[in-house]
Amino acid sequence: MEVKSALVSAHWLQAHCDDSDLIVFMSTMNDITTGKPEPAPEGYIPGARLFDFEHQVCDPISSLPHTMPSPEKFEQEVRKLGVNNRSVIVVYDNQGLFTAPRVWWMFKCMGHEQVYILDGGYPAWQNEGGKSMSSLITSPPTGDFTSQVQGSLLIDSQGVSNALDITDSWVVDARAAARFNGTAAEPRPHLRGGHMPNAVNLPFTHCIEQGRLLSPASLRDKFAALGVKEGERLIFSCGSGVTACVLALAAHEAGFNQLSVYDGSWSEWGANHALPVVCMPKNA
């Protein structure tokens, strides 16, 4: 069941939905302005389970939103969700492509390679005539998943600071251009506007069209336009470490392999006045 891409189609998922090792996860995220959960979808892919990185699979003591948990906590929580070491995982969200890459990256960070994203999410499933259920699976058998941390895939603020002055490393910010430039307020209170010195901006929405990831060739063009060359390291940041993973997915599909996500992202950097921030001049 291995595929080269991190993406699977709705057609592929329909063909494999009865495979014994398959686990389907739905992912969501609370509204960053109101804190309210996203509206319930019209239905769910049969057999799907909720992957809750807001409240369950997260660091319970972090002051930052949906921070990656410890390897022990991750292992404990995904076992509760029925994940085994042999599981083939497909993650989807209800927008098309928004939160699912975060779950994909979390599993990659913990050493699980057989994890994929449903390209186009639930809308694609519906468009392909996929059946829907009225509820999620809530009590699966306990799994035997074992975390095997891939330390290079997550980076902290010190690692980002070090990389900002390295010529073959790029810090790529997934936020909208106005937030990156500091000309629009951050949706989370008490955060400064602007960006890290030497960071570049690629809004995650520029890598998606109608809820699907752009083609690998188009994605390579996006990174080439920033000046990125083959073999260089890419570090992704966003507001809170979620849409940074959309860029990690885009880079993966474009053929880059030295990838890291800054887990704290702007929720951490923008709140820490000891860390430098650059804004676009108001008359620029």
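User: What makes the five strands β6-β12-β11-β7-β8 an open sheet, and in which sense do they pair?

Analyst: In this predicted model, the five strands follow the order β6-β12-β11-β7-β8 with parallel pairing, and the sheet is open. β6 (154–155) and β8 (200–201) stand at the edges with a single partner strand each, so one side of each has no neighbour in the sheet.

User: How do you know that β7 and β8 pair?

Analyst: Pairing requires at least two bridges. Strand β7 (residues 169–173) is joined to β8 by two bridges in the parallel sense, therefore the two strands count as paired. Valine 172 has valine 200 in β8 as its bridge partner.

User: What joins strand β12 to β6 and to β11?

Analyst: β6 and β12 run parallel and are joined by two bridges; isoleucine 155 has tyrosine 262 of β12 as its bridge partner. Strand β11 (residues 233–237) pairs with β12 over three bridges, also in the parallel sense, and leucine 234 is bridged to leucine 259 in β12. From β11 the chain passes through helix α8 (residues 244–254) to β12, a β-α-β crossover that is right-handed.

User: Why is aspartate 119 called buried?

Analyst: Buried means under 20% relative accessible area; aspartate 119 has 15% relative accessibility, so it counts as buried. Aspartate 119 lies in the loop between β5 (115–118) and α4 (121–127). Beyond its neighbours within four places in sequence, its contacts are Leu7, Val8, Ala124, Arg212 and Leu213.

Methods: Residues are numbered from 1 along each chain as its sequence is written. This is a predicted model: local features need pLDDT of at least 70, side-chain atom pairs count only at pLDDT 80 or more; totals for chains, interfaces and linings use all residues. Side-chain values use heavy atoms; hydrogens and water are left out. Helices (H or I, at least four residues) and strands (E, at least two) are DSSP runs, numbered from the N terminus. Buried means under 20% relative accessible area, exposed over 50%, partly exposed in between (1.4 Å probe, protein chains only). Contact means heavy atoms within 4.5 Å. A crossover is right-handed if, with the strands pointing away from the viewer, the path from the first strand over the helix to the second runs clockwise.
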